[in-house]
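I opened my notebook to look over a new structure, starting with the whole chain and ending with one residue. Here are my entries.

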Amino acid sequence: SSARGNFTRYVNSGGSGSGSLRRATSGYIRHSLGGSKNATTRLGSARSSTVRLISVFNSFLDRGVAETSRDYKLGDIIGKSASDVLIRIMDFVCPDGGRTDEGIARDSYVEALSSLPDWGDKAIESLTPNEFLAFIEIYMANVIEERLVNDIGNKSFTIPKDIEQVESLQRQLKEYIKGAVSDAVSKLNIDIRSIDTSRTKDIVDSIYHTAYDILSELEG
């Protein structure tokens, strides 16, 4: 209830009450979820989806598009746009299911893809390691945001009537969380080209855990 109260105050401030946003997020992680470890565990199958996403991206970079396509049965993707290829692997990365965490994973993937419209003009083999990593960061931030809003915000606080204000608040929340994920990736020195495939799950959990740690410490 404390997190919801702070979240509502942030919404009612029109986005100027950033301290309320930090307190809401921190309180949600520390008290509602019982800390960063529990918050990470609660992501459920979204963690597995992140592992699969990184595994495919790592394979593209390490073994090439053609070999990855054969292994994952993606068909002819040579020269195809990055957007088309990511749509093709979506069912593998985020299987469609009825559980909340599966829905969060899939929605987060679709939103991440829609945020990079220029990938429709780039061939999959032309993407750089930094571009792959950027997509991963956006995806993971979306997962955290969707989980938070589902827990705290779903029918629990007043939504502004002004659609522009709603969009502004959403952008602020998204950038706030994405900043934490980017800081976590930087802090852990993640290099997608040199990820030990046997440790991908541990690496994913470490990124989520560290991002939650960062968010839980940012009290205003």
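What radius of gyration would a compact globule with 220 residues have, and what does the protein chain have? I looked this up before anything else, bearing in mind that the model is predicted. The rule puts a compact globule near 17 Å, and the protein chain has 18 Å, which agrees. I also noted the span of the C-alpha trace along its principal axes, about 50 × 35 × 30 Å.

Next came the secondary structure. I found eleven helices and zero strands in the protein chain, so my sketch of the elements from the N terminus on reads α-α-α-α-α-α-α-α-α-α-α.

Then I turned to packing and surface. Buried residues account for 48% of the 220 in the chain. Of the contacts between residues at least 6 apart in sequence, 75% join residues at least 24 apart. I wrote down an accessible surface of about 10,600 Å², with 47% of that belonging to carbon and sulfur atoms.

For charges, I have 27 positive and 31 negative side chains in the protein chain. The centres of these two sets lie 6 Å apart.

Last, I picked out one residue. Is Val-110 buried, partly exposed or exposed? Its relative accessible area is 43%. Buried would need under 20% and exposed over 50%, so the value falls in between, and I logged Val-110 as partly exposed. I placed Val-110 in helix α8, which covers residues 100-114. From Val-110 I checked the distance to Met-140: the two are 30 residues apart in sequence and 12 Å apart in space, C-alpha to C-alpha.

Key
Residues numbered from 1 in each chain as written. Predicted model: local features only at pLDDT ≥ 70, side-chain atom pairs only at ≥ 80, totals over all residues. Heavy atoms only, no water. Helix = DSSP H or I, 4+ residues; strand = E, 2+ residues; numbered from the N terminus. Rg over C-alpha atoms; globule rule 2.2 N^0.38 Å. Buried < 20%, exposed > 50% of the residue type's maximum accessible area, 1.4 Å probe, protein only. Contact = heavy atoms within 4.5 Å. Areas by Shrake-Rupley, 256 points an atom, 1.4 Å probe, with all protein chains shown as cover. Lys, Arg positive; Asp, Glu negative; His and termini not counted. Charge placed at Lys NZ, Arg CZ, Asp CG, Glu CD.
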